[in-house]
Amino acid sequence: MRKKIVAGNWKMNTNVKEGVELAKALAGRMSEVPSDVKLIIAPPFTHLTSVADIIKGSGIALSAQNCADQSKGAYTGEVSAAMLASVPVEFCILGHSERRQYYEETNEKLVKKIALALSENINPILCVGENLEERESGKLFDVIGAEIRDVLFTLSPEQMAKVIVAYEPIWAIGTGKTATSDQAEEIHAFIRKTLSEKFGALADEISILYGGSCKPANAKELFAMKDIDGGLIGGAALKADDFIAISQSY
Ligand code: PGA
């Protein structure tokens, strides 16, 4: 049985006080979250230690949104996987399209980041996805296939077993446009098939999340698809009501 996961990517939103309030609101409502659904929240770096204290013992897991591609030293402004592990942080989003697009996050850098995260026992949530031009020109399978192969095929099966994949069509992120459940399922199945080329039956154990304007109104239809195991939620993760409602959408 694959894990059902609803992860909230807060991006660059909320100040520390607001983030702590949101975490408190979620922790106080965990009895409303189905027991077989894992809730993960990814606040900004500045919030992590305070939020870790709030959610301790609640069942909510903590994630970062990025980590450095170096282990330590003179890299001003960067935060290492070891620092995140010391919070402690259990998960780390890597390769989000906003980082690929605005911060030159290449598959090459992601190979380093994913290895560093895993070496600190942090479970990577690797994001993949195509932009509108790549979808319309039919290049989407090449793009997503390369994002999977170039990064995840460097891992051993033991390492791969710790990874969550998130499919996020870039044209659906923050735009209000959601992939239809059929469009999303087609890519989720493709990702699983690609993973099986290297990892065989392990591919069936990997949770693959959908992200991109996922909200209470569409989560049920998406999560009902065979290869969609949950969601990576942006905007709707900033409202406790919406985030909890999404967790109830299986
Ligand atoms: P969105 O973002 O739900 O606001 O579209 C999803 C994401 O980028 O993780």
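In the structure shown here, an oxygen atom of the ligand sits 2.8 Å from an N or O atom in the side chain of E168, which I quote as a polar contact, meaning a pair of N or O atoms within 3.5 Å. Please keep in mind that this is a predicted model, in which local features need pLDDT of at least 70 and side-chain atom pairs count only at pLDDT 80 or more, while totals for chains, interfaces and linings use all residues. Residues are numbered from 1 along each chain as its sequence is written, and side-chain values use heavy atoms, with hydrogens and water left out.

Staying with the ligand, a polar side-chain atom of H96 lies 2.7 Å from a ligand oxygen, and a polar backbone atom of G174 is 2.7 Å from an oxygen atom of the ligand. Taken alone the ligand exposes 280 Å², of which the protein buries 94%, with areas from the Shrake-Rupley method and a 1.4 Å probe. The residues around the ligand, each with a heavy atom within 4 Å of it, include N9, K11, S213 and L232.

Notes: A polar contact is a pair of N or O atoms within 3.5 Å; within protein, one must be able to donate a hydrogen and the other to accept it, and residues adjacent in sequence count only if both atoms are side-chain atoms.
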